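Please read this briefing with the sequence and the model side by side.

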Number of protein chains: 2
Amino acid sequence: MNTEFTLDSRLENDCYELGELPHSLLLLMDNALVPWLILVPFTDQNEFTNLEIELQKNILEEVNLVSDYLQTNYSIDKLNIAAIGNVVSQLHIHIVGRRRDDYCWPAVVWGQPEKLAYDQAQVSSLVSRLEVALGDKFTTTFNLED
Amino acid sequence: MNTEFTLDSRLENDCYELGELPHSLLLLMDNALVPWLILVPFTDQNEFTNLEIELQKNILEEVNLVSDYLQTNYSIDKLNIAAIGNVVSQLHIHIVGRRRDDYCWPAVVWGQPEKLAYDQAQVSSLVSRLEVALGDKFTTTFNLED
């Protein structure tokens, strides 16, 4: 990670920091109602499409890895992938696994107030599955004492 | 375009079809409250991340072109780029130019009921600007008689 990189405080408050991929930090939105992961690329550029094309492609490969993880480990009907940034301007990419019977289907998850906090054991278990799925590209920084 | 490709009827009803890029159809959401373009890749796969990586990269270049067009031709504060597909499963990528003073900032545009229809002259003018911005990659299919 670039040592200049600082995670936005709102993302830090709303999410668990799970670990790092080569080009981004991997967060878990603390809402167990849907599997909701977020990649925060190590850049100070706020728009994905303004990044150098090579960096875009590298981040795209990380989006693919996380998407594969969600499709393999959850019974989901649709992925929702989005770079929005209206509230938190720091570039971050949502990757959300949706089910036709989830709490707000077919509406989008952004702007929905309902939440269900994870307990630490659930997050720890998720990190273990991610380590298997993402292999040596993923380095966890999650700590049970967090 | 692949001759097997058929645009989803809801996208057809909600949008103007502006033309084609090499790998996707370009639509304009018929809501003049925000500049809202949609790329519909020529594929029957519903998940972007399940496409072959080369096709993903080709589509990404078209997302970049459309994003550049929005940033150059509108005064916008943030791009919102998303592949959702909960209502219309056909793969389509929203590229929306947002302003801090637009009709629903900072909320996302999906699920907002407010709309303002374009008139045909506005769409025609937009197509002319797109032809300049996208160059020979873009072939318009928009017809004033539509």
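The points below go from the overall arrangement to single residues.

This is a predicted model, in which a rotation of 180° with 0.0 Å of shift along its axis superposes chain A on chain B, at an RMSD of 0.0 Å. The two copies are thus related as by a two-fold rotation axis. Between them, 31 residues of chain A are in contact with 31 residues of chain B, and 12 strands form an open sheet to which both chains contribute.

**Symmetry**

- Of the residues of chain A, A:Ala82 comes closest to the rotation axis, its C-alpha lying at 2.0 Å.
- The same surface serves both copies, in that 100% of the contact residues of chain A recur in chain B.

**Extent and make-up of the interface**

- About 2600 Å² is buried between chain A and chain B, and carbon and sulfur atoms give 52% of this area.
- On the side of chain A, the residues that lose the most area to chain B are A:Thr49, A:Lys78 and A:Asn86, which together account for 23% of what that side buries.
- Across the interface of the two chains, 16 residue pairs are found in polar contact, with both residues of each pair at pLDDT 80 or more.
- Two or more residues on the side of chain A that touches chain B are given by each of α2 (53–73) and β4 (78–83) of chain A, and the largest share, 9 residues, comes from α2(A).
- Sorted by class, this side of chain A has 15 nonpolar, 10 polar and 6 charged residues.

**Salt bridges**

- Side chains of opposite charge can pair when their charged atoms come close.
- The count over all chains comes to 12 salt bridges, while the count between chain A and chain B is 4.
- In one of the pairs, the side chains of A:Glu47 and B:Lys78 meet in a salt bridge with an N to O distance of 2.9 Å.
- B:Lys57 forms a salt bridge with A:Glu61, where the closest N and O atoms are 3.9 Å apart; this pair crosses between chains, from helix α2 (residues 53–73) of chain B to helix α2 of chain A.

**The sheet**

- The order of the strands is β6(A)-β1(A)-β2(A)-β3(A)-β5(A)-β4(A)-β4(B)-β5(B)-β3(B)-β2(B)-β1(B)-β6(B), and the pairing is antiparallel.
- At the edges stand β6 (139–140) of chain A and β6 (139–140) of chain B, each with a single partner strand, so one side of each is left without a neighbour in the sheet.
- Where the chains join within the sheet, 3 bridges link β4(A) to strand β4 (residues 78–83) of chain B, and these two strands run antiparallel.
- Within this pairing, A:Ile81 stands opposite B:Ala83 in β4(B).
- Inside chain B, strand β2 (residues 24–29) is joined by 5 bridges to strand β3 (residues 36–41), again in an antiparallel sense, and the bridge partner of B:Leu26 in β3(B) is B:Leu39.

**Cis peptide bonds**

- In chain A, a cis peptide bond with omega about 0° joins A:Trp105 and A:Pro106, and A:Pro106 lies in the loop between β5 (93–98) and α3 (120–134) of that chain.
- In chain B, the peptide bond from B:Trp105 to B:Pro106 is cis, with omega near 0°, and B:Pro106 is found in the loop between β5 (93–98) and α3 (120–134) of chain B.

Notes
Residues are numbered from 1 along each chain as its sequence is written. Chains are lettered from A and ligands numbered from 1 in the order in which they are written. This is a predicted model: local features need pLDDT of at least 70, side-chain atom pairs count only at pLDDT 80 or more; totals for chains, interfaces and linings use all residues. Side-chain values use heavy atoms; hydrogens and water are left out. Contact means heavy atoms within 4.5 Å. Buried area is the accessible area (1.4 Å probe) that two parts lose on being put together, summed over both. A polar contact is a pair of N or O atoms within 3.5 Å; within protein, one must be able to donate a hydrogen and the other to accept it, and residues adjacent in sequence count only if both atoms are side-chain atoms. Helices (H or I, at least four residues) and strands (E, at least two) are DSSP runs, numbered from the N terminus. Ala, Val, Leu, Ile, Met, Phe, Trp, Tyr, Cys and Pro count as nonpolar, Asp, Glu, Lys and Arg as charged, and the others, Gly among them, as polar. Two strands pair if DSSP finds at least two bridges between them. Copies are superposed by least squares on the C-alpha atoms of residues with pLDDT of at least 70 in both.
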